Amino acid sequence: MTTSTIAGAARVHDSVVDATELPRIIQVTDNLYAAAFSLMKLLPARFIVDRAEASGQLRPGTRIIETSSGTFALGLAMVCRLRGYDLTIVGDSAIDRDLRNRLQMLGATVEIVEYAGQPGGIQGARLARVEELRRLHPDSFVPGQYDNPDNPGAYAVVAQLIEETVGSVDCLVGPVGSGGSTGGLAAALRPADPALHLVGVDTHGSIIFGTPDGPRTLRGLGSSIHPGNVRHAAYDEVHWVTAAEAFHATHELFRTHGLFMGPTSGASFQVASWWAARNPDSKVVMVLPDEGYRYQSTVYNSDWLREQGIEPAPAPHGPTTVTHPWTPRRPGPAWCGRGAPSTT
């Protein structure tokens, strides 16, 4: 009998986290590559827990308390379930029924807070509740994804993967929420590629890069607080993308390239494909943070889109370039020039 093996396929992973925390590197067009994650926040969740265990901050029996209404909550819940830690997630109404069910099945306690005029909007309210819980449980550990340097530090291994597969990178594009993925990847890639052009993707109603706080239909990127992990001077351009544009790009990413991803991936794809088409001699890598299964009843559902009054559509003429984020503009601008206003 003749047997055969497939090179590189013989590894047995230690856990589902080990098996899925790194992205697939996919060539989408001649000069555009995707770092496509199943669940990107698994990586910093695991890395932060590893570091906390190594430093003695986390010991058997320690309760972990964190605020998140999205994929970091899910990634952390998976890690905590496998490591045996009790977890409390402080979130808001963005935690839909399906996500809440998954978190609770993984053993997490989920607290939903409401906005009551606190500084920093709903994120400020969530952080205030985390502080209350920390005082009630003084021996607890708070990962603090917005300010913990281990969040961006986790992405060094992804930068190594990109260097080994894609080689030298001219431009990196990705959504900005906590600042972990784009900031961490740029910091790890720039020693080899000092001229790396970093493009951040934000949305209207986010204050990260200086625009006024407001409601955000496009969730998963943007913020009502200034995350400490966002280093403004690292970014060469910032693009603000509307929900309608991002949802259209999310659909187009699946229809055209078979990549079934979430809406922050769609926003990243919209900006990256525009940039790559206008810089055909540059090698562009876009960050796609999570798959689309969580969004089948929303972003991929025409009835839900109609209920929200959203008609997915591309930006008709591309972005409008502005010199400062508060310049009057129509939707979809790009703010060019490294060095956003510093909040520190």
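# Pocket, burial and contacts in a predicted model

The largest pocket has a volume of about 1000 Å³. This is a predicted model, in which local features need pLDDT of at least 70, side-chain atom pairs count only at pLDDT 80 or more, and totals for chains, interfaces and linings use all residues. Residues are numbered from 1 along each chain as its sequence is written, and side-chain values use heavy atoms, with hydrogens and water left out.

User: What makes a residue part of the lining of the largest pocket, and which lie nearest its centre?

Analyst: On a 1 Å grid over the protein atoms alone, a pocket is an open set of points with protein on both sides within 12 Å along at least five of seven lines, and a lining residue has an atom within 4 Å of a point. The largest pocket is lined by 45 residues, and S69, A94, R219, G220 and R294 lie nearest its centre. Helix α5 gives the most to this lining, with 3 residues.

User: How do the residues of that lining divide into nonpolar, polar and charged?

Analyst: The lining holds 16 nonpolar, 19 polar and 10 charged residues. Asp, Glu, Lys and Arg count as charged; Ala, Val, Leu, Ile, Met, Phe, Trp, Tyr, Cys and Pro as nonpolar; the others, Gly among them, as polar.

User: Why is S206 called buried?

Analyst: Buried means under 20% relative accessible area, exposed over 50%, and partly exposed in between (1.4 Å probe, protein chains only). S206 has a relative accessibility of 0%, and therefore counts as buried. C80, at 2%, is buried, and so is C171, at 0%.

User: What makes the pair S206 and S223 a polar contact?

Analyst: A polar contact is a pair of N or O atoms within 3.5 Å; within protein, one must be able to donate a hydrogen and the other to accept it, and residues adjacent in sequence count only if both atoms are side-chain atoms. A polar atom of the S206 side chain lies 3.0 Å from the backbone nitrogen of S223. S206 also touches T211, P212, R216 and G222, among residues beyond four places away in sequence, where contact means heavy atoms within 4.5 Å.

User: How many disulfides does a search of the whole structure find?

Analyst: The search finds 0 disulfides, a disulfide being a pair of cysteine sulfur atoms within 2.5 Å.

User: What caps the N-terminal end of α4?

Analyst: D96 does, with a side-chain oxygen 3.1 Å from the backbone nitrogen of D98. Helices (H or I, at least four residues) are DSSP runs, numbered from the N terminus.

Methods. 1 Å grid on protein atoms, 1.4 Å probe; cavity = no way out; pocket = protein on both sides within 12 Å on 5 of 7 lines; lining within 4 Å. Points joined across faces, edges and corners; volume = space filled by probe spheres on them. Helix = DSSP H or I, 4+ residues; strand = E, 2+ residues; numbered from the N terminus.
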